[in-house]
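These notebook entries record what I looked up, helix by helix.

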Amino acid sequence: MTTTENVRNELKTLEDPTYREFHSSLIPGADNILGVRIPQLRTMAKEIAKKEDWRTFVEATDTLYYEETMLQGMVIGRAKMEPEERIKYIRLFVPRINNWAVCDIFSGELKTAARKRKETIWQFVQPYLESKEEYQLRFGIVMLFHYVDEEHIDSLLAYADRFTHGAYYARMAMAWMISICFIKFPDKTMKYLQQSRLDNWTYNKSLQKIIESLRVDKETKDIIRSMKRAG
């Protein structure tokens, strides 16, 4: 029995129909969801990453379930390998992303890789920021969350200012990124927002996410509300 088949069998034992119904409602277009919870998947990924044949699992293209794809991404983020090999597997996996959940969990699992090889990953991500594919673009934007720091904030806001394309989930990620920038660098991000060339929807969604943050005070939220654009 292959590793993929073993993983599939284990996933089926963790299937939760109630959670499947709830989770499916949050991810339009995702097929074959079993309803396995993220903490359970992380436990499985940790064990798979210890196996000698984890590469066989990651490289498999005969996946049937949403959770199998999620696991492949988690293993790429967790398995021990050289930076160049990890980049190879990231590049292999990104075209498999077909919903926001896999995108965001995968990007989160790459936090350590981004921290250890910050500029290497930064350069690797750049082409995805210009992608016409919705989830590849979202992947690039969500990876920028690892770079909301003093060294990169100007580059992030410059990218936001030229952001002119992207479907719904990419624009949602952009709004999310801008809200994180505001929380960490309020003065710079406020200046950006005051002269932003973002489309109205993404701009207003950015304001909404800032207002929803528990890390922004009431007075600042009132100012942000007053900046909403019509339309």
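The entries below begin with conventions and then turn to individual helices.

**Entry 1. Conventions.**
I worked on a predicted model, in which local features need pLDDT of at least 70, side-chain atom pairs count only at pLDDT 80 or more, and totals for chains, interfaces and linings use all residues. Residues are numbered from 1 along each chain as its sequence is written, and side-chain values use heavy atoms, with hydrogens and water left out. Helices are DSSP runs (H or I, at least four residues), numbered from the N terminus.

**Entry 2. Helix α1.**
I asked which residues of α1 are buried. I took buried to mean under 20% relative accessible area and exposed to mean over 50%, with partly exposed in between (1.4 Å probe, protein chains only). In α1, the buried residues are Thr 3, Thr 4, Val 7, Arg 8 and Leu 11. They lie on the same side of α1, because the arc they cover around the axis is only 135°; the arc is that of the directions from the helix axis to the C-beta atoms.

I then looked up Thr 4, which lies in helix α1 (residues 3-13). Thr 4 counts as buried because its relative accessibility is 4%. Contact here means heavy atoms within 4.5 Å. Neighbours within four places in sequence aside, Thr 4 is in contact with Phe 57, Ala 60, Asp 62 and Glu 68.

**Entry 3. His 23 in α2.**
I located His 23 in helix α2 (residues 17-26). Its relative accessible area is 10%, so His 23 is buried. Not counting residues up to four places away in sequence, His 23 touches Ile 33 and Tyr 66.

**Entry 4. Helix α5 and Leu 71.**
I found Leu 71 in helix α5. Leu 71 counts as buried, at 0% relative accessibility. With residues up to four places away in sequence not counted, Leu 71 touches Val 7, Leu 11, Leu 41, Met 44, Ala 45, Ile 48 and Phe 57.

How do α5 and α7 pack? Helix α5 (residues 66-78) and helix α7 (residues 100-109) have axes 8 Å apart, at an angle of about 15°. Axes are lines fitted to C-alpha atoms, for helices over the stretch in contact, and angles run from 0 to 180 degrees between N-to-C directions. The angle makes α5 roughly parallel to α7. The classes are roughly parallel under 35 degrees, roughly antiparallel over 145, roughly perpendicular from 65 to 115, and oblique for the rest. The α5 side of the contact comprises Tyr 66, Thr 69, Met 70, Gly 73, Met 74, Ile 76, Gly 77 and Arg 78, which meet Ala 101, Val 102, Ile 105, Phe 106 and Glu 109 in α7.

**Entry 5. Arg 86 in α6.**
I placed Arg 86 in helix α6 (residues 83-93). Is Arg 86 buried or exposed? Arg 86 counts as buried, at 13% relative accessibility. Leaving aside neighbours within four places in sequence, I listed its contacts as Ile 76, Gly 77, Arg 78, Ala 79, Met 81 and Ala 113. Arg 86 and Ala 113 are 27 residues apart in sequence, and their C-alpha atoms are 8.4 Å apart in space.

I recorded Thr 220, Lys 221 and Ile 224 as buried in helix α15 (residues 218-226). They cover an arc of only 100° around the axis, which puts them on the same side of α15. Lys 218, Glu 219 and Ser 226 are exposed on the other side. The buried residues of α15 pack against α12 (168-184), α13 (186-194) and α14 (200-212).

The axes of α14 and α15 are 9 Å apart, at an angle of about 165°. That makes α14 roughly antiparallel to α15. In this pair, Leu 207, Ile 210 and Ile 211 of α14 meet Lys 221, Ile 224 and Arg 225 of α15.

Lastly, I looked up α12 and α14, whose axes come within 8 Å and cross at roughly 45°. The two helices, α12 and α14, are therefore oblique to each other. The residues making the contact include Tyr 168, Met 172 and Phe 182 of α12 and Trp 201, Lys 205 and Ile 210 of α14.
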